[in-house]
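Open the structure in your viewer and keep the selection tool at hand. The stops below tell you what to select and what you will find there.

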Amino acid sequence: MTQPLLEVNDLHTVFKTKDGVVKAVDGVSFELNPGETLGIVGESGCGKSVTALSIMRLQRPGRIVGGSVVFKGHDLTKNTEEEMREVRGKEIAMIFQDPMTSLNPVYRTGWQVAEPLRLHHGWDAKRSMVSAINMLGRVGIPSAADRARDYPHQFSGGMRQRVMIAMGLTTTPAVLIADEPTTALDVTIQAQILDLLRHVNREFGTATMLITHNLGVVAGMCQRVIVMYAGRIVEAGPTTDVFAHPKHPYTWSLLRSIPRLDAERHEPLKPIEGLPPNLIDLPEGCAFHPRCSFRVERCSRDTPRLQPVGDTQRAACWVTQSGVELKGA
Amino acid sequence: MLAKYVARRFLASIVVVLGVTALTLALMKTTSGSYVPGIDLNPALRPEDIARLRADLGLDRPGWQWYATWIWGVLHGDFGHSMIDGSTVWSHVADRLPNTIELTGTAILIGVLIAIPVGVIGALRHGTKTDHTMTVVSVAGFAVPQFWMGLILILVFSVTLEQHGLPWLPSSGAYSAVNGGDFFDRLEHLVLPATVLSFFYISTWSRFIRSSMLEVLSQDYIRTARAKGMSERRVVYLHGLRNALIPLITLIGLELPGLVSGGLVVEVVFGWPGIGKLAFERALQYDYTTVMGVTFFATLLVVAGNLLADLLYGVLDPRIRYG
Amino acid sequence: MIGPSRVAELDMPGAAVETAAGRPAQSYWNESWERLRHNPIGMAAGVLILIFAVIAILAPLFSAVLTHFQPQSIDLAATFRPPGSTHMLGTDELGRDTLTRLIWGGRVTLGIAFLTVGMALTVGTTFGMAAGYYGGWIDDVLMRFVDTVLAIPAIFLFILMSILIHPNAISLAAIIASVGWGNVARLVRGEVLSVKQRDFILATRSIGARDFRMMFRHLLPNVLPVLIVAASLGVGQIILIEAALDFLGLGIQPPTSSWGNMLTNAESYFYHSAWLVYFPGIMIFVTVLASNIFGNAIRDAFDPRLKT
């Protein structure tokens with residue numbers, strides 16, 4: 001067993017609002033191994049993005065109130081802002097959902113892609129630009145040397161996301177966090193960007209954390225997957241096992257709510273009933289129980305912890321932990 | 001594309017300049033009656049002299065004829081002679097304009113230099129005591145009548161200090177009449193009027209920068225910049241400020257006509273021999289040619305300011321296309 | 001092309017369309033009022049303006065009961081009296097009571113300010129509404145005219161017109177409004193253009209409402225919030241312009257008092273009667289400050305999107 005590259009232990013991040021304290025991340029633990037691709041899945045507002053931002057310590061105005069983020073043996077939550085800057089963009093790079101707004105409109109793309117090199121390696125403008133153009137070419141931007149002189153608005157959405165990826169990769173970071181990298185793009189472009197991310201993962205050996213609400217994206221990309229609900233991890237395991245035999249009713253319902261080509265027989269799609277919970281005032285016990293069709297009396301009383309269920313998976317559910325298989329009407 | 005845009009704007013500007021000057025002449029014509037400029041200077045004038053004067057000045061002709069003659073002159077670079085003192089309008093403008101540029105230029109410069117950091121600090125610390133204090137000061141800055149602020153400054157820094165035998169600041173003019181005129185003397189005279197003018201600019205612009213900075217700081221590309229590991233200073237000043245300043249350019253461009261009109265009240269209060277004060281005095285005396293000349297330049301400045309602001313906008317914001 | 005709203009338009013009887021969608025819902029006004037009510041500083045500013053307005057309206061009463069002086073009654077035996085028991089805020093160079101003149105001056109200043117706002121709104125709304133509603137060449141012509149008006153160096157024009165016209169209160173308001181309406185026209189046009197796209201306008205047109213009725217019964221109520229905001233933010237500006245013109249001797253002429261013209265000769269009182277410089281200025285400052293604060297509160301209440 002290799003040493004994990006990144007280890008998140010019992011992370012808690014809160015937001016103070018007018019109406020109360022929002023526990024956006026509520027005791028999340030997982031690890032990321034070198035070179036792997038890990039998927040984090042959940043509905044919007046389940047805390048997956050805040051988890052990623054907390055790793056980068058960019059969660060403001062939220063506050064990390066507990067837990068640790070150990071990266072290469074150092075706890076990032078204990079780093080000074082100065083030390084943190086040495087990690088951001090150099091060791092851990094991040095790309096965001098909307099490539100339209102994530103690039104600064106008033107600077108040339110080449111300049112922006114080269115910026116991490118000037119910042120972290122202290123390279124001069126010329127050397128960093130050569131490297132930036134090289135990287136733009138490797139992420140599939142044609143005639144990169146010319147395009148580097150263009151401004152972001154002169155690129156299409158897909159091309160801009162390629163620019164974002166190039167910008168993240170210039171310093172060859174150990175981890176790339178991709179927060180909904182394809183959500184804002186057309187379907188055909190989505191596939192191209194996912195191809196690129198897969199390619200990057202193989203070629204650079206960059207460990208990738210892929211955050212998405214789209215189960216289809218996870219299926220094709222990730223070796224392991226984490227499912228989050230209401231700020232907590234409800235299920236974790238190898239992607240194939242989780243998809244084949246979900247061990248948490250939430251995962252189970254998520255899989256039933258999307259069309260699948262490999263469905264054994266024609267099953268009607270079933271949306272998950274009810275609304276995502278109010279993070280300020282979580283239900284007692286398991287946060288999912290009001291929407292859960294498998295709930296038992298204990299679910300509204302005690303909060304289940306993430307425990308091994310089966311050989312390879314872990315789930316936070318009283319029902320499956322007691323050995324019951326999830327089978328639905 | 002750009003050349004075409006400028007050309008179109010230029011043509012539109014000509015219409016504006018013609019419209020404003022024609023309106024000015026029409027106003028003077030309809031309100032002056034049979035008044036002849038300069039007539040009060042010599043009470044011994046006989047009616048036939050006055051009639052001759054009127055004919056000399058072309059005032060007996062219909063307005064449109066007078067206007068056509070004037071335009072013809074302007075096209076040949078001739079703005080005519082003042083109807084009061086006979087010297088060329090151009091010499092008056094050339095005499096006064098540098099003073100005005102000195103005053104307004106200083107005020108705009110001070111305004112920008114103070115407003116930008118104040119606005120940025122307000123945005124970075126928004127919701128804190130510092131921010132609230134600056135908000136209160138700038139809201140007050142909008143509400144103070146400039147002429148009254150000028151009077152109060154004169155009362156405090158010239159009159160009261162002088163009464164107590166303390167070093168005081170001059171309250172009027174651009175330089176001392178006696179032994180004056182060197183750099184420090186001019187600077188002394190500049191302090192009070194420039195303070196009044198720049199206080200107004202600071203109030204307006206700092207609020208503007210604050211809100212535009214707040215908006216910029218919430219943008220995704222600022223998060224990207226932070227995720228790249230930049231220092232907060234670099235994030236704010238390199239990635240934020242450049243974007244936040246773009247709209248300010250328009251505001252400052254629109255302030256260019258202030259060279260003539262914005263500073264007028266301040267020039268009158270502080271007896272500053274600028275072009276606004278010239279226009280004010282000559283309009284009171286129905287000095288047609290001088291008023292027309294100054295109106296022409298004032299309108300030209302407005303138009304030029306607008307155009308300049310638009311063009312600068314394009315330089316600073318690569319997304320802008322002219323068409 | 002036919003979405004659910006278009007279908008609804010066909011089903012709905014005309015009367016229902018008119019009352020249901022002809023103007024912003026009642027709750028909009030209630031919500032705005034609620035937001036305004038919970039803004040203590042804004043409310044205080046509004047109340048202050050109201051008090052000033054009441055004092056201005058009741059000026060004759062105040063000078064009879066409170067100060068016991070008439071604004072123009074000269075007493076050469078009592079010139080430059082400092083503030084005291086007989087003359088609460090002192091007297092000027094002709095022995096006129098400062099407080100009385102301030103009260104009557106407020107009448108002039110506030111009166112002109114409201115008159116100007118009214119004129120600018122009326123003209124601006126008419127232009128903007130016509131341009132936005134008819135569009136096409138009418139829009140082009142009207143808006144190019146507005147551009148020209150807005151390109152004029154405003155203060156310069158005010159001063160020129162005031163010198164040449166020798167205005168009274170009404171013509172002074174007209175002079176100031178002659179530039180101010182341009183911005184109103186732009187605002188209204190923009191709003192009309194966006195409202196015009198909404199379905200209820202199509203619906204109303206489909207039942208055959210006439211242009212005039214469309215504009216005043218259906219568009220105007222929707223433009224009203226923008227107008228209220230523009231008006232409340234404009235008052236302070238107008239007071240400052242009017243005061244400056246009065247100060248320069250171009251506006252309201254003595255012996256009628258206004259806050260601006262009470263400062264015209266201020267420089268000659270510096271050495272012995274500085275209070276004559278303080279009070280009118282403070283009145284202008286406080287009034288403009290209150291109008292600006294109230295204007296901002298109104299804007300925040302009516303258009304929370306714009307809140308900074």
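Predicted model: local features only at pLDDT ≥ 70, side-chain atom pairs only at ≥ 80, totals over all residues.

**Stop 1: the chains one by one**

Select chain A. Its secondary structure comes to 11 helices and 12 strands. The radius of gyration of chain A is 21 Å, close to the 20 Å given by the globule rule for 329 residues, so chain A is as compact as a globular protein of that length. Along the principal axes, the C-alpha atoms of chain A fill a box of roughly 65 × 45 × 45 Å.

Now select chain B. Here you will find 12 helices and zero strands, and from the N terminus on the elements read α-α-α-α-α-α-α-α-α-α-α-α. The box filled by the C-alpha atoms of chain B, again taken along the principal axes, is roughly 85 × 65 × 35 Å.

**Stop 2: a hairpin in chain A**

Go back to chain A and select residues 6-17 and 20-32, which are strand 1 and strand 2. In which sense do strand 1 and strand 2 of chain A pair? They pair in the antiparallel sense, over 10 bridges. A hairpin of two residues joins strand 1 of chain A to strand 2 of chain A. To see one bridge, pick A:Thr17: its partner in strand 2 of chain A is A:Gly20.

Strands of a sheet pair through backbone hydrogen bonds, either parallel or antiparallel. The next stop has a pair of the parallel kind.

**Stop 3**

A:Leu38 stands opposite A:Met209, a residue of strand 8 of chain A.

**Stop 4**

Most residues other than glycine have a negative phi, and most peptide bonds are trans. Select the loop between helix 1 (48-55) and strand 4 (63-71) of chain A, where A:Pro61 is placed. The peptide bond that joins A:Arg60 and A:Pro61 is cis, with omega about 5°. A:Arg57 is found in the loop between helix 1 and strand 4 of chain A as well. It is not a glycine, yet its phi is positive, at about 55°.

**Stop 4: chain A against chain B**

Show chains A and B together. How many residues of each chain are in contact? The contact has 22 residues of chain A and 18 residues of chain B. On the side of chain A, the elements that give two or more residues are helix 2 (81-87) and helix 3 (109-120). Helix 3 of chain A gives the most, with four residues. By class, this side of chain A has 10 nonpolar, six polar and six charged residues.

No contact joins chain A and chain C; their closest C-alpha atoms lie 16 Å apart.

**Stop 5: chain B against chain C**

Two pairs of chains touch, and the most contacts are between chains B and C. Chain B brings 37 residues to this contact and chain C brings 33 residues. Several elements of chain B give two or more residues, among them helix 5 (129-143) and helix 12 (288-316). Helix 1 of chain B gives the most, with eight residues. The residues on this side of chain B divide into 29 nonpolar, eight polar and no charged.

For a closer look, select helix 5 of chain B and helix 12 (residues 275-302) of chain C. They pack at an angle of about 120°, with their axes 8 Å apart. The two helices are therefore oblique to each other, and their crossing is right-handed. Residues that make this contact include B:Val139 and B:Phe142 from helix 5 of chain B, and C:Phe285 and C:Leu289 from helix 12 of chain C. In this helix contact, eight residues are nonpolar, one is polar and none is charged.

Conventions:
Residues numbered from 1 in each chain as written. Chains lettered and ligands numbered in written order. Contact = placed C-beta atoms within 7 Å. Nonpolar A, V, L, I, M, F, W, Y, C, P; charged D, E, K, R; others polar. Pairing = 2+ DSSP bridges. Axes fitted to C-alpha atoms, helices over the stretch in contact; angles between N-to-C directions. Parallel < 35°, antiparallel > 145°, perpendicular 65-115°, else oblique. Left-handed = near helix turned anticlockwise from the far one by under 90°. Rg over C-alpha atoms; globule rule 2.2 N^0.38 Å.
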